[in-house]
Structure formats: C-alpha cells, structure tokens
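Thanks for making time this morning.

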Amino acid sequence: MDDKGNLYVTFGAPSNACQEKNRVKDSPGMDPCPILDWHGGIWKFDANKLNQKHSDGVRYATGLRNCVALDWNKEVGELYALQHGRDQLSYLYPELYNDEKSAELPSEEFFQVKEGSDFGWPYCYYDHLQGKKILAPEYGGDGKKQGRCADKGQPIMAFPGHYAPNDLLFYTGNLFPARYKNGAFVCFHGSWNRFPLNQQGYFVAFIPFGKDGKPSGKYEVFAQGFAGVNPIKSSGDAKHRPMGLAQGADGSLYITDSVKGKIWRVITQKVICRQP
C-alpha cells in the first residue's frame, strides 16, 4: 500500500515466455503477447472499496513476468518490485545458450516502478553480464541483440539468475545502526534450476539506498546459512528457505521460512564495557 490509500497487486504471468506452446522447443512467442492484457504486470486498486474485481483496478506497470516482492518506499514515495525471470534458455535454444549461461541468465531484476512503466517481458530479459536488456530468442534474439528492448525500463540493480526474490522490505526502524535506515532488505528463496552449477540464493540481502531513491552501494549478504548445507546441489536438500520479511514495532526484522514454517527475529543489542 502507498500513503494515499492505494493497494498494489501483482498479477503474475501463467507462462514462461508467452510461447504459442508453453516451454516447447522452437515454439515462437506470441506477438503481441495476449497474456499482457490481464497478467504480467502490477495493478492499482482503491484500498477503501470492497468486492472489487480485476477489472476495477488500473494497470500501473506491465512487462513483469512475476513480481512476488513489492514494497512502497515511504522515503521517496515510489513503488519498488523484484521480478522472477524466465527459465530454460539452454533447453529451448541450445544453439544460442549453454547450460552454464542458462544458469546465470536471465538476471533477477530490481525495479523502481513508476506508473506506465514497461519492463519488457516477454520480449526482453536483462543480462547482468552484458549490462543491458536483450531481445528474447522467442522474438528473434540471438543472446546479444537488443532490438525493441533498448527502450524498455531498466533495473536499478540486477542479481544472478534464478535466485527467486520473494519479499522486499524498506527498513524504517531505529533499532539497527543508522546505515540501515531506509535501505532495502530482499529475501531470496533460492534457486532450483542452476544446473550444472550449484544452487544459490537462500539468503537475505541488504541494499543501502540514497535519498534519490536509488541504491547507494552494492548489495551485501545480511543473513545466510538457512539451507544448512554447502554446496547446495538440489533445492530439496535445503533445511530452510527464506520466504518473507516483516518489521516489528520495535524495529526488529522477522524472516520466515517456507520449508518448516520457522520464523527468525533479528535484533541488535548494545554491549556496555566497564573497566575492572
């Protein structure tokens, strides 16, 4: 929710890349993609009305495959989101992508979302290795060509593929050191499809933010070790997987787990040293 009584809701796309035959080799992408009429974006609703339908909302942004992580940044008055990217680049297009490249791509994107934004799915994906939006192979891309994607919305930060960002929280409390104030915590559920590489993610990241509403530094690992095994060969081996974030009234950070329903509370404590 924003500070004006609006509720923002993701309608994820029930598709990998809007192919005519979903996840089938050599099946072309539908152009234009009809899924974008009612999915693959974020809609805005009046939070004060009951019994609303999808059609009662206003499409706020499009070209987003599935944004589970949403939060309103009160410091700058803007919506932010992280996207789950598409899969199977090497399976569907082995002539263009090997398995190692498909494990890293496409990037998981972190967006500042303004009304009317178009971030390019399914026609485009972001490649953090090249630092640009790339035309998807279903629409004539070759792994390097930008085409229509050059003008699509860009991420403010990008993470390696398949980390699965499942929650976002802008910290407004005073319990943590001052550098955390108004910064972003991101909860990564962890990958299942980075073969032949080890699975990754399974941690909570912190991203410092400036007053301009943009990251002021690189992301850092805030909490890890949830999986309980290293390396992680399969997502099924993980003892815990970070799922959600919440801030307590006292400034504590709560982290939830999707494997066994565990909740962690993160706090800071002052240590007082006295001379003997």
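Which side chain meets that of Lys133 in a salt bridge? Before I answer, please keep in mind that this is a predicted model, in which local features need pLDDT of at least 70 and side-chain atom pairs count only at pLDDT 80 or more, while totals for chains, interfaces and linings use all residues. Residues are numbered from 1 along each chain as its sequence is written, and side-chain values use heavy atoms, with hydrogens and water left out.

The partner of Lys133 is Glu109, with 3.2 Å from N to O. Lys133 lies in strand β9 and Glu109 in strand β6 (residues 108-113), so this pair ties together parts that are 24 residues apart in sequence. When I say salt bridge, I mean a side-chain nitrogen of Lys or Arg within 4 Å of a carboxyl oxygen of Asp or Glu, and when I say strand or helix, I mean a DSSP run numbered from the N terminus, with at least two residues of type E for a strand and at least four of type H or I for a helix. Lys133 counts as buried at 0% relative accessibility, and Glu109 is buried as well, with a relative accessible area of 3%. Here buried means under 20% relative accessible area, exposed means over 50%, and partly exposed is in between, with a 1.4 Å probe and protein chains only.

The structure holds eleven salt bridges, and I will mention two others. Glu138 and Arg86 meet through their side chains at 2.7 Å, N to O; Glu138 sits in the loop between β9 and β10, whereas Arg86 sits in the loop between β5 (78-82) and α1 (89-92), 52 residues apart. Both Glu138 and Arg86 are buried. Asp118 and Lys152 form another salt bridge, at 2.9 Å, N to O, and because Asp118 lies in strand β7 (residues 117-118) and Lys152 in the loop between β9 and β10, the pair ties together parts that are 34 residues apart in sequence. Asp118 is partly exposed, with a relative accessible area of 30%.

Let me turn to the cysteines. Taking a disulfide as a pair of cysteine sulfur atoms within 2.5 Å, the count comes to two. One joins Cys18 to Cys33, with 2.1 Å from S to S, and both of these cysteines are in the loop between β1 (6-11) and β2 (41-46), 15 residues apart. The torsion about the S-S bond of Cys18 and Cys33 is about 100 degrees, so that disulfide is right-handed. The other joins Cys124 to Cys149, again with S to S at 2.1 Å; its torsion is about -90 degrees, so this disulfide is left-handed. Both Cys124 and Cys149 are buried.

What about Cys67? Its sulfur is 15 Å from the closest cysteine sulfur, in Cys124, too far for a bond. Cys187 is likewise in no disulfide, the nearest cysteine sulfur, that of Cys67, being 15 Å away.
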